[in-house]
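Please open the model in your viewer and keep the selection tool at hand. The tour below goes from stop to stop, saying what to select next and what is there.

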Amino acid sequence: MRTGFFWDERCFWHSGGNYAATMPVGGLVQPMAGGLPENPETKRRLKNLMEVTGLMDELIQRHAPPATYEDLRRVHPERYLSRFKEMSDAGGGELGLRTPFGPGGYEIACVSAGLAKAALAAVLTGEVDNAYSLSRPPGHHCLPDYPNGFCLLASIPIAIEAALAGGLASRVAVVDWDVHHGNGTEAIYYDRDDVLAISLHQERNYPIDTGDFEDRGLGAGEGFNLNIPLPPGAGHATYLEAMERLVLPALTEFQPDVIIVACGYDAAAIDPLSRMLATAETFRAMTTMVMEAAADLCGGKLLVVHEGGYSEAYVPFCGHGVIAEMAGSTIDAPDPLGDTFDARQPNARFEHYCSILIAEMEAAL
């Protein structure tokens, strides 16, 4: 496979400021090493691991120009972009809910979106068979006029709108398996039928008040939004069952020109911002599923865009498995916690309960 890997050192330089977890430092909240969970180390360590194993040598490495103002304006209103740029030039701040950034945050967010845009174009034009965009800051929580959840620009919608405007595609499917609901992508495409938005997430994690199964779209978009909320503790088997019974049939019915995965690794068992029990093998297996769907539906055209995932130690192994699978590589980075996480998977009784929930959603579609 010709797998593109799009990255830029500047994405690692994005700064979230003085935080302890998601709390601003001050009062009784003490400073802490690492600070904001969304930090460069999860992504940098993924790239480092691929260089050490040799997987990077099997990829087609690419950089890309930043997304242009025209690209951004297809998704975000001028007043939002102007405010973001002004704050960035003034040294940064917090523009929305849990979206702190430092000096140059606007420009780095444009680089992040530009990587996704270029990677999608490379897939659609046949320059590569599939591609991985190591975008940072992430984007799937960003609404057109309000950023939240560490997301400052809606990178995937920016990439999609550029591809649609350029005539490279007409129907795009987004599969978001970040553990948090992809509320930004949902909001942007909620009343449209040219983009299928699927979000597989932990129920009532973040945002607490979005992501219900009943939210299926509006007007022309009715039926083109699919939320799959899973209970805390859902593990490997439940994720694969949800993919098999809900995600793959929705993709088949939609018949996309390309599939984009909003790839967060925060459903992993060790992540500090979730209570799920996915493993590196879960992410590899889900990647196999979407690759097979892409092969059947759209000539293998697949883009994976990095979103969340906050375990600095474990994200690299999850990401390595995904990218090795995309590239058809035999290079492996064995999961050092695989046996431990396998032993912690839900028991058969809980898995049966999750199967009932999935069956209820399946019957309601």
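A salt bridge is here a side-chain nitrogen of Lys or Arg within 4 Å of a carboxyl oxygen of Asp or Glu. With that in mind, and remembering throughout that this is a predicted model, begin by selecting R245 and E241, which form a salt bridge whose closest N and O atoms are 2.8 Å apart. Both residues lie in helix α7, 4 residues apart, which is about one turn of the helix. In general, an α-helix has 3.6 residues a turn, so residues three or four places apart point the same way. R245 is partly exposed, with a relative accessible area of 26%, whereas E241 counts as buried at 18%.

Next, select E325 and R284, a salt bridge in which the closest N and O atoms are 2.9 Å apart. Because E325 lies in helix α9 (residues 315–327) and R284 in helix α8 (residues 280–297), this pair ties together parts that are 41 residues apart in sequence. E325 counts as partly exposed at 22% relative accessibility, while R284, at 18%, counts as buried.

E51 is partly exposed, with a relative accessible area of 40%, and K47 counts as buried at 9%. For a group with several members, select E70, D71, R74 and K117, which are linked in a network of salt bridges. How many salt bridges does the count come to by this rule? The count comes to 20 salt bridges.

The next stops concern aromatic rings, and a search of the whole structure finds 10 aromatic pairs. Select Y80 and F84, whose ring centres are 6.1 Å apart and whose planes meet at 35 degrees, so that the pair is tilted. Y80 and F84 both belong to helix α3 (residues 78–89), where they are 4 residues apart, about one turn of the helix. Y80 counts as buried at 4% relative accessibility, and F84 counts as buried at 0%.

F224 is partly exposed, with a relative accessible area of 23%, but F254, at 4% relative accessibility, counts as buried.

Stay with the loop between β9 (195–202) and β10 (225–230), and select D212, which is found there. D212 is partly exposed, with a relative accessible area of 32%. Extending the selection to E203, D209 and E214 shows, together with D212, a patch of negative charge on the surface.

For the last stop, select helix α5 (residues 155–165), which is mostly covered, since 10 of its 11 residues are buried. Among the buried residues of α5 are I156, I158, I160 and L164, and E161 is on the list as well. Finally, select G167, which follows α5 and has a positive phi, near 70 degrees.

Definitions and conventions:
Residues numbered from 1 in each chain as written. Predicted model: local features only at pLDDT ≥ 70, side-chain atom pairs only at ≥ 80, totals over all residues. Heavy atoms only, no water. Patch = residues over 30% accessible without salt bridge, like charges linked within 9 Å, V, L, I, M, F, W, Y side chains within 5 Å. Areas by Shrake-Rupley, 256 points an atom, 1.4 Å probe, with all protein chains shown as cover. Lys, Arg positive; Asp, Glu negative; His and termini not counted. Charge placed at Lys NZ, Arg CZ, Asp CG, Glu CD. Helix = DSSP H or I, 4+ residues; strand = E, 2+ residues; numbered from the N terminus. Buried < 20%, exposed > 50% of the residue type's maximum accessible area, 1.4 Å probe, protein only. Phe/Tyr/Trp six-rings, centres within 6.5 Å; stacked < 30°, edge-to-face > 60°.
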